[in-house]
Amino acid sequence: MCKRDTLVAHENAFSGNLQPFTNYTNLSVLTLFGNDFRGRLQLPSNAPLQVLAVHRNRLSCSVVYNSSAYDLSDHGERYQNGALIAPGNRFSTKGRPPWALMSDVRFQWVQGSLWLEWRAEMLVAATSLGAMAAAVGTLLKSDWRSFFHFAPRGLHEEYSWLCAQILLGLSFCGLWLVPVYMSGAHEYECGQEWLNGSLAYLRDSPTAEMAAAVLGVIMLAVQAFVVPTIRAWVGSTFANDQPPHSHG
């Protein structure tokens, strides 16, 4: 049991996993904002807590607290009391403290799954795909397969079709980076799981960061080679396709 009632350690560039405060039964003021703490926020089960400021860290998962022990919703006219914990962290919406400032701001909390977070956008995308399929079926009727099996006619369409194929191939090459990103996704302990396969959570893993940098340079080198190659091919093709000039 710790008898400390005030812990002020904000804006100090502290890092590492945040230790639990479950034994701080006399804690009334806790300010840790502006550091680089990672892990979970575990508050005392019973304490006269009045000020809680842990924003701008790398905290995540569910907040551990006793809902019947304290209520920080009364922050005062000048916000001299209260709890600011969400901005800069990625706490789960499950077990979200209702007395925390911005507790009703949806994007400040991890919703728990990709569907819960992006359901509106997914429904819009599905509706758009359905509308496009209906339009293709209405306009092309029995020839709807031609929408997917495109045969270029002329040099301009052939050039556009080649560029589209190359862009698709380069996009698939980017998938090589996904396992590298996942192996070095240490920004948060929990966070948004679907971001583990992206650059957003790459942190504290020198090997993964170096591998991602090398693969990124290779991809850029390939693109730098492909672009002038296409331009040279197009230039020679268009030059050979021009009709001969007649001399009077």
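Which side chains meet in a salt bridge at 3.8 Å, N to O? I found aspartate 204 and arginine 203. My cut-off for a salt bridge is a side-chain nitrogen of Lys or Arg within 4 Å of a carboxyl oxygen of Asp or Glu.

Notes on the model: it is predicted, local features need pLDDT of at least 70, side-chain atom pairs count only at pLDDT 80 or more, and totals for chains, interfaces and linings use all residues. Residues are numbered from 1 along each chain as its sequence is written, and side-chain values use heavy atoms, with hydrogens and water left out.

Next I looked up accessibility (buried is under 20% relative accessible area, exposed over 50%, partly exposed in between; 1.4 Å probe, protein chains only). Aspartate 204 comes out partly exposed at 48%, and arginine 203 is partly exposed at 27%.

I then followed the shared partners: salt bridges join Asp36, Arg58, Glu187, Arg203 and Asp204 into one network. Within it, arginine 58 meets aspartate 36 at 3.4 Å, N to O. Arginine 58 is buried at 5%, while aspartate 36 is partly exposed at 22%.

I also checked arginine 40 and glutamate 189, which form a salt bridge at 2.9 Å, N to O. Arginine 40 is partly exposed at 37% relative accessibility, and glutamate 189 is partly exposed at 37% as well. In total, I have eight salt bridges in the structure.

Last entry: arginine 96 lies over the face of tryptophan 109, 5.9 Å from the ring centre. Here a charge sits over a ring if NZ of Lys or CZ of Arg is within 6 Å of the ring centre and within 35 degrees of the ring normal.
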